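Please review the briefing below alongside the sequence and coordinates.

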Amino acid sequence: SKLELREKITKVLDYLIENSVVRIETREGVAADIYCFLTEEESEVNRLIMSQSVNNNAMADALKTIFTKYITVSNKESFNGSAFSVALSIMDRYILGQANANLFVEFKMDTIYANPQTFAFSNDQRKLVYYLADLYQADAKLKNDFYWYCKVHEYLKAFASNASEQRTKTNNEFRQRAAELLTSSIQPAFNKILDSCPLVSGQQMIQPAILGTKKGTERYKAAIAEHFKNVYPLAGLIKSADTPTTADMLKGKIKRVLNPEEYGPLNPLTEAEKQIENYLKRGLGDASLADLLTYFNQAPYGWSEIATVYFLNELVRRHLRAYSYKGNQNIDKKIVAENILKERNSYTITTAQKIDPQLVNDFIKAWKNIFNQFGRTYSQDSTELFSQCHNGDDSPLTTLPGMYAKYSGDLKANHATGLAGILDDAVDVINNKWKAERDPEKFFRLIIADSDEGHRMIDQCKEVISFHENQMSVFNEIYEFAEDNKDNFEFI
């Protein structure tokens, strides 16, 4: 019968192909396969090709070229403003990234599981898997073509470099045939599988409705976006127009002036702030900033360090938490803004110090009395007030010592050492007594206690400066007259 004859012919052709007598050739516009007899030289090369063994590394290298030509996978992906590292593996070999990546993408070519749903139960939560195994194993032609393509490349690596002129010509012919097979058959077949195979995100199957009719890189982008949602379900808690995305934006957020009404009943803790506060409450004692950043960078959060520090700083501004930097619990927010990301290991998070509002009011009254700043408005927030008065660029504690030292030097140069001493004493009090106290509550109490004496001291300094500005020329004339007539005064 025709069927029996067809089977016999097929067996003979398979035998001839296996024994390097004929080869199959496909030509454009011709539907049927064409069988061509090999020359003696081609038969010898083909036998060497068929004798090559192909290991997983060789197959992975070939698949890397095929897959990445159709799908673009980056080693960095962004999600909700945070950057994540991505590793890509084929046949258990990393071809992009390393084992310490945040997320993994795997092209799975074989499996011991009955189906992708069963495989999903044992899949790593961080791994997005292209489950090609079933479709690839079912396509005998693709497997044979791909395996022969890999054998050609292994042969060329081993024998092409020291070949004769005739052998080089034959090698180039096989190289060309392998390239044509890749373009006409292997690549399209793998592309079709990549566009239709199941995708597994952690322990979940990605539903076809999410992927739609997307192909290639677009299908991958839809899958990786869904994978991010599955791995980091709480990542969206930091998504806000106020959340900084750069280090410079974070610095501005930390240094901004605190409004007394900013954190009232109409502005309760955000969900992100609650998550950080709950983490800190679960800990015993102070918490390391580095540990906190690591914790919220991992699943299920995936928060960037910038976002985590921003929401932590909101707790500091609410007086729920405070920073401790190298043991110093009263650090200027300008310093925090500049180095908190660079020196995370030097920071710990402590419970905020509560200061009585009446003490704040008494301090403001004393401060205004000492420096005669009754027309100026001061924050009622203890942290902001301390920063404003103790560390502010326009604070008298910052501006007066330099000014007093300049006038003192002038007075000393003009022989008014007694008056210069008044300014020097004031500089000593400001720098070594008031400025030296870095605990906010103690600083407030110190200023309150020194209110009257401080007022007299600053008034005296004002009088000395007024003398310098208005009477110095007269003083110099008198001093010079006295010096010129010193002998006469002794004679008299």
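Predicted model: local features only at pLDDT ≥ 70, side-chain atom pairs only at ≥ 80, totals over all residues.

Residues are numbered from 1 along each chain as its sequence is written, and side-chain values use heavy atoms, with hydrogens and water left out. Helices (H or I, at least four residues) and strands (E, at least two) are DSSP runs numbered from the N terminus.

**Backbone geometry in loops**

- Most residues other than glycine have a negative phi, and most peptide bonds are trans.
- N372 has a positive phi, near 55°, and lies in the loop between α15 (357-371) and α16 (382-391).
- With a relative accessible area of 46%, N372 is partly exposed.
- K326, in the loop between β11 (321-325) and α14 (333-339), also has a positive phi near 55°.
- K326 counts as exposed because its relative accessibility is 59%.
- A cis peptide bond, with omega near 5°, links A299 to P300; P300 is in the loop between α12 (289-297) and α13 (305-317).

- Strands pair if DSSP finds at least two bridges between them; β3 (residues 76-79) and β4 (residues 82-90) run antiparallel and are joined by four bridges.
- S78 has A83 of β4 as its bridge partner.
- Two residues separate the strands of this hairpin, and N80 in the turn has a positive phi of about 50°.
- In a regular strand the side chains alternate between the two faces of the sheet.
- E77 and F79 form the covered face of β3, whereas K76 and S78 form the uncovered one.

**Helix α9**

- Helix α9 (residues 216-231) has 12 of its 16 residues buried, so it is largely enclosed by the rest of the structure.
- Among the buried residues of α9 are R219, Y220, E226, H227 and F228.

**Nonpolar cores**

- A nonpolar core is a set of buried Ala, Val, Leu, Ile, Met, Phe, Trp, Tyr and Cys residues joined through side-chain atoms within 4.5 Å.
- The largest core has 56 residues, of which F67, Y130, F146 and F190 touch the most other members.
- Elements supplying at least two residues each to this core include β4, α7 (165-194) and α9; α7 gives the most, with nine residues.
- A second, separate core of 35 residues includes F386, L400, Y407 and I447.

Methods. Buried < 20%, exposed > 50% of the residue type's maximum accessible area, 1.4 Å probe, protein only.
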